[in-house]
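Please keep the sequence and the 3D view open while reading.

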Amino acid sequence: MSIPLGANIGANLGANRVPEQLEAMCRQAFGPVTIEAVAQLPGGNYNSTFRVELAGRAPVVLRIAPEPAGQFRIERTLMRNEVAAVPFLAPITELMPKVLATDFSHQLVAGDYLFQEFLPGVPAATALASYPDTGPFWEELGGLLARIHAVHGTHYGRVQGPHFDSWSGALADYFHDLFLDLNTAGLPASDIRTVGSLLARHADAVDSVPGPRLLHGDLWIGNLLLDADAEAPRITAVLDSDRSSWGDPLADWTFHLLRRRGTREKDAFWRGYGGKPAKSEGAAVRQFFYRARSLGEARLEYHRLGQESKAEATYPRLERELDTFIAAV
């Protein structure tokens, strides 16, 4: 059988058995099918993602997670977490690809994998620049995040677990795993250990949240598709909810990246979101820990991608954050 294979698929499925494994995966999910083409989709830095064309049906998306030995502690079983989060993301279900089949048994490949429907649209990361006015996009994004944050939970932590009774407990567990991951990767991590110690001292401020809310964890331009034919940017799909969790809305990744945008973009976003969150001493304390977490995560991710100069740049940035926070409190 001749299959036009996307680049790097052999690294995930086994270079000498790609057709056989692909056939087995597709048969297990859809029954007797004929694979017409496979192409790797751009944009993913963690899972490997492919468009699979099958005879007689709409194309599907195949996503393959790294095998367990290749996952950091803070990334463990992310794909299973995404599947667990689907029911709670019902407020935006019309924008999410349906999960068609999953296999977490590792009988066919070494990592978890799933099939999803292929949604139409163009990547916002490239298409957004073609619009003279991006205000409608930012306002719509703010509205989407508000719908997610309106979902209440009963505990803190990743949707799949582990679960915690307090937000400080969930963060402490995360910083502990992040510290161990950095050590395992051979990266300095004393600053993350310091952050963990500060968290224990400021647990009351951290726990001054109004209760656990649903966080997407990765709602940003790189995980959104736009309508290719619309005169104004319109979101057609929200992808990759594998980092969903229960926690403080201010901790969501969207807010961290929003800080880097211009005033007009921020204003449009906050209109869609329903206004800026109220300022408080507790919120200011919590935001320090969220910035520290993001820098630690970035250090680990840059190292994984071989971008060591960017990883090294996180050290002085976190040192400045620590100095400012300690001086303030």
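The chain holds 12 helices and 11 strands, where helices (H or I, at least four residues) and strands (E, at least two) are DSSP runs numbered from the N terminus. Its radius of gyration is 21 Å, close to the 20 Å of the globule rule for 329 residues, so the chain is as compact as a globular protein of that length. That radius is taken over C-alpha atoms, and the rule is 2.2 Å times the number of residues to the power 0.38. This is a predicted model: local features need pLDDT of at least 70 and side-chain atom pairs count only at pLDDT 80 or more, while totals for chains, interfaces and linings use all residues. Residues are numbered from 1 along each chain as its sequence is written, and side-chain values use heavy atoms, with hydrogens and water left out.

Along the principal axes, the C-alpha atoms fill a box of roughly 65 × 45 × 40 Å. Of the 329 residues, 47% count as buried; buried means under 20% relative accessible area, exposed over 50%, and partly exposed in between (1.4 Å probe, protein chains only). Among contacts (heavy atoms within 4.5 Å) with a separation of 6 or more, 70% are between residues 24 or more positions apart.

The accessible surface comes to about 15600 Å², and carbon and sulfur atoms make up 51% of that area. Areas come from the Shrake-Rupley method with a 1.4 Å probe; for residues, only the protein chains shown count as cover. There are 32 positive and 39 negative side chains, and the centres of the two sets lie 3 Å apart. Lys and Arg count as positive and Asp and Glu as negative, without His and the chain ends; each charge is placed at NZ of Lys, CZ of Arg, CG of Asp or CD of Glu.

E6 is joined to E9 (residues 224-226) by 2 bridges, and Val-122 has Leu-226 in E9 as its bridge partner.

Is Asp-191 buried or exposed? Asp-191, in helix H7 (residues 190-201), counts as buried, because its relative accessibility is 12%. Leaving out residues up to four places away in sequence, Asp-191 touches Arg-299, Tyr-315, Leu-318 and Leu-322.

Arg-271 belongs to helix H10 (residues 263-273) and counts as exposed, at 54% relative accessibility. Arg-271 and Trp-138 are 133 residues apart in sequence and 8.9 Å apart in space, C-alpha to C-alpha.

Note on methods. Two strands pair if DSSP finds at least two bridges between them.
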